[in-house]
Amino acid sequence: MTNKIHNTTKFNDLLSLLIDGNILPEQMSELTALAKSDLVFAQQLQEQLQTDHLLQQLSSVDSEKNFINNVLNAIEAEPETADITAINVVPEDKPHNNQTTKIVSFMPWLISAMSLAACLILVVTFWINTPHSNQDEFAATASEQQDTGVAIVVNVVSSQSQPVFRNGDSIHRGEIDLQSGFLELEFYQGARIKIAGPAKLDVIDDERIRLHYGKVMTDVPKVAIGFTIETPNSDVVDLGTEIGVYVDHQGKSQVHVFDGLAEARSKTGSKQLLRKGEGVSITSSNQQLLANTTQQMAIFDEFNHIDDLTQDVLQNKHNKWLALKSKITKDPSLIAYYDFEQDSNKPRVLKNIQAKGDEYNGAIVGARWTTGPWPNKSALNFKRAGDRVRIDIDHKLNEFTFATWVRIDSLDRFFNSLLLTDSYKKGNMHWQISKKGKLILGLSGTQGNTKNKGANHISSPFFTLANSGRWYHLAVVVDPNNQKLTHYVNGEVDTQSPLIKTFSNWKIGQASIGNWDPANPSHKNPIRNLNGSIAEMMIFDRALTASEITELALF
């Protein structure tokens, strides 16, 4: 473990030197050796180079040439150890010669007239996709994406401050231990079930669950007939449309049919077909029809209150948000607070409610108003390539925090924008989500006389296609005083890393929420629009604490 931590620290330090263009030949050898010895490092190197190369398109040609030359010189000095990053470059304006060309034994093609960063990306990609004995995890990523879930959470009623389940979660095979409240699931084959806590069950697949104890109710349409609830002493097959199953802690079961048909199959081999209004009690030794089913059905009455309880929970969350908003607007470090509430008089203006006048108000372009993460909360939907909110924040930041509520429908682009400054000059930043579901904060800063280069701080993956349509609270904190940068997802620390770049005056300036407008008019404009919705955006000129971020996330 100690060696792994040491290697990780060393790899991050060397990667920072590579990005800055200050890497020495022997350090280049160390970096490539680490990447070859650990496929996780190789993947991180690939991702960092991809991100850096695209961000560097905003930099001057001279700065890119300096970066290329520095790394090329390092490779020239150590040809025998530079195979993972060596390239075959044949400049179009120069004749071929041995000093400008490197041949990699395992690459069957030549790469001509490309920047070194782009070549590094291709070579590292080749390395990652080359079969290795310990590469099973990465071999899977090269194949078509798969969804291993069997159901989706469509409603949660919980009294917990940090609920285990959230709307939009993908449910996989395995145990569900619901301590209290209610959970509603929609299975991929069409069945819908409600679970009342306390309950413990196993999700077997999209057509069967095993209920150890607790209460469940089903809603099974014709297409899902056959959905089965396994109890300690029976299999209950729902033949459509609504049944209730209760298992006590001693394993005794009750089955009630509210509508349609069900078949109770005991472990002893007996079967009982149940119609609307009928019920059966099942023990390990026998099963018998219940005489007074109406009275027995009362044990499921609590399910009738789910809708009311859901509304209560949502209203409480909205009230909590209103109280938090009132508190936050009094924070002197809050520079801009876009609550994404529509102004009926100016529906195409995104108001900064922190300001008394129109300072830092945003201009809505294309994006349309929609429902936010809970009823009574609005949001803007970003779908088309032109959708965005234009802002101009002329405020210098020594440290800062960004926080937002965002729903991700899909990650269609290599970069998917949250908040991007138009330019990428010293002091600018790009906050976005990669196609792999990772948060990226790109910072363009400097230390001393070091050439200006972007440094990208990347989180762990937090989003997959199975969670499309789910709302997330995302935040990033830049803390130069403690030399660290922290990504937060849903109020919890996701990733914390050393702050690679420092700058005395960070500045947003002209920027876009949910998209990107490059400052260089000659630059090809890659599409980086967000496919999803945003319901809130806060910008502070200080580093918020972990407890403050948790409070913002309403957890």
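**Group meeting: cis bonds, positive phi and a nonpolar patch**

Let's start with proline 198, which is found in strand β5, residues 192-205. Strands here are DSSP runs of E, at least two residues, and helices are runs of H or I, at least four, both numbered from the N terminus. A cis peptide bond joins glycine 197 to proline 198, with omega about 5°.

Before I go on, the ground rules. This is a predicted model, where local features need pLDDT of at least 70, side-chain atom pairs count only at pLDDT 80 or more, and totals for chains, interfaces and linings use all residues. Residues are numbered from 1 along each chain as its sequence is written, and side-chain values use heavy atoms, with hydrogens and water left out.

Back to the cis bonds. The peptide bond from glycine 240 to threonine 241 is cis too, omega near 5°. Threonine 241 is found in strand β8, residues 234-247.

Next, positive phi. Tyrosine 360 has phi near 65°, a positive value in a residue other than glycine. Where is tyrosine 360 found? In the loop between β14 (349-350) and β15 (362-365). Tyrosine 360 counts as buried because its relative accessible area is 13%. The cut-offs: buried is under 20% relative accessible area, exposed is over 50%, and partly exposed is in between, with a 1.4 Å probe and protein chains only.

Asparagine 490 also has positive phi, near 55°, and is not glycine. Its place is the loop between β25 (484-489) and β26 (492-498). Asparagine 490 is buried, because its relative accessible area is 5%.

Now the surface. Ile225, Leu239, Leu261 and Leu273 make a nonpolar patch of about 280 Å². Patch residues have over 30% relative accessible area and no salt bridge; nonpolar side chains (Val, Leu, Ile, Met, Phe, Trp, Tyr) are joined within 5 Å, like charges within 9 Å. A salt bridge means a side-chain nitrogen of Lys or Arg within 4 Å of a carboxyl oxygen of Asp or Glu. Areas come from the Shrake-Rupley method with a 1.4 Å probe; for residues, only the protein chains shown count as cover.

Why does leucine 273 count as partly exposed? Because its relative accessibility is 34%.

Last, the whole chain. It has 9 helices and 28 strands. Of its 555 residues, 51% count as buried. The accessible surface is about 25,000 Å², and 49% of that belongs to carbon and sulfur atoms. Contacts mean heavy atoms within 4.5 Å. Among contacts with a separation of 6 or more, 58% come from residues 24 or more positions apart.
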